[in-house]
Amino acid sequence: MTNKKELETVPPLTRERYAETLANFHSRIDEHDILAREIMKNFISDNGLDKKPVRMMSIGPGIGNLEKSLVEKSGLQLEYIYAIEPDSSHIEMLKSALESLGVKYDIDASFFDKDFRFDEKFGSPKFDFIFLSHVLYGFDDPYGAIPRLIEFLKPGGKIFIILVQEKDSVVELFRYLVENSDPSIFSADLALQDNGFTAEKVARYLHSEYPKLAVSMLE
């Protein structure tokens, strides 16, 4: 783990150093992507999501790369997806990704929070699978939003939440980049809302508040 003292020895991320930093970052992405696909493939198989048509809700899918990977690389039998993506710059690429999968979909440009409501034309939909990858940090009330997610699950449905872990150095990295970077390169909007908000703490919260809910942490 990179500690605070080590981070303080790194010079500020300037525009001149950005390309080098980005290249170093991407050199590790392939390794991470392979591991993530394997974890997701096992999760999908273990929960029978590769054996029946699945109705999925994805919150913050961006341009849809992970959703495509779930189908094409991890075996998810996707029938329909309701995607909540408030960033308008991602919508067209997200549409293209979902259309390439040949599945039915709806895209909602609103923000998800504890008071989220579906448009009345959708009624009260329920989902087999709800997926969130590194988006809970940005919620105004992350712990308040989790019960709302659970309400949208079918009986036996699954929620898969990807978060940092307590041991991850990403918390210090984000803080350092926000405090020391050119704002035009690294926006403060990318900072973790609560630097103590981790997978371990969410798991403890779920065990405490929902003792009948089966909660597993995958590493």
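**Helix α4 and the sheet**

I started with helix α4, residues 91-101, which lies across β2 and β3. I read its direction at about 165° to β3. Axes here are lines fitted to C-alpha atoms, for helices over the stretch in contact, and angles run from 0 to 180 degrees between N-to-C directions. Helices (H or I, at least four residues) and strands (E, at least two) are DSSP runs, numbered from the N terminus.

I noted the ground rules next. This is a predicted model, where local features need pLDDT of at least 70, side-chain atom pairs count only at pLDDT 80 or more, and totals for chains, interfaces and linings use all residues. Residues are numbered from 1 along each chain as its sequence is written, and side-chain values use heavy atoms, with hydrogens and water left out.

I then looked up E92, a residue of helix α4. E92 is exposed, at a relative accessible area of 54%. The cut-offs are under 20% relative accessible area for buried, over 50% for exposed, and partly exposed in between (1.4 Å probe, protein chains only).

**Strand order**

Which order do the strands take in the open sheet? I traced five strands as β3-β2-β1-β4-β5, with parallel pairing. The edges are β3 (104-108) and β5 (153-162), and each of them pairs on one side only. Neighbouring strands are turned by 15° against each other on average, direction ignored. I counted two strands as paired if DSSP finds at least two bridges between them. In general, strands of a sheet pair through backbone hydrogen bonds, either parallel or antiparallel.

I checked one pair in detail. Strand β2, residues 78-84, joins β3 in the parallel sense over five bridges. Y82 has D106 in β3 as its bridge partner.

I moved on to helix α3, which packs on the sheet and touches β1 (54-59), β2 and β4 (127-133). The direction of α3 makes about 130° with that of β4. Contact means heavy atoms within 4.5 Å.

**S58**

Is S58 buried or exposed? S58 is buried, with a relative accessible area of 1%. I located S58 in strand β1. Leaving out residues up to four places away in sequence, I listed its contacts: E67, I81, Y82, A83, I84 and F131.

**Salt bridges**

How many salt bridges does the structure hold? I found six. The criterion is a side-chain nitrogen of Lys or Arg within 4 Å of a carboxyl oxygen of Asp or Glu. I wrote up three of them, one by one.

K68 and E72 meet through their side chains at 3.8 Å, N to O. Both sit in helix α3 (residues 65-72), four residues apart, about one turn of the helix. K68 counts as partly exposed because its relative accessibility is 23%. E72 is also partly exposed, at 47%.

K114 and D115 form a salt bridge at 3.5 Å, N to O. K114 is partly exposed, with a relative accessible area of 40%.

E151 and R148 form a salt bridge at 2.3 Å, N to O. They are three residues apart in helix α5 (residues 142-151), so about one helical turn separates them. I compared their accessibility. E151 is partly exposed at 41%, whereas R148 is buried at 11%.
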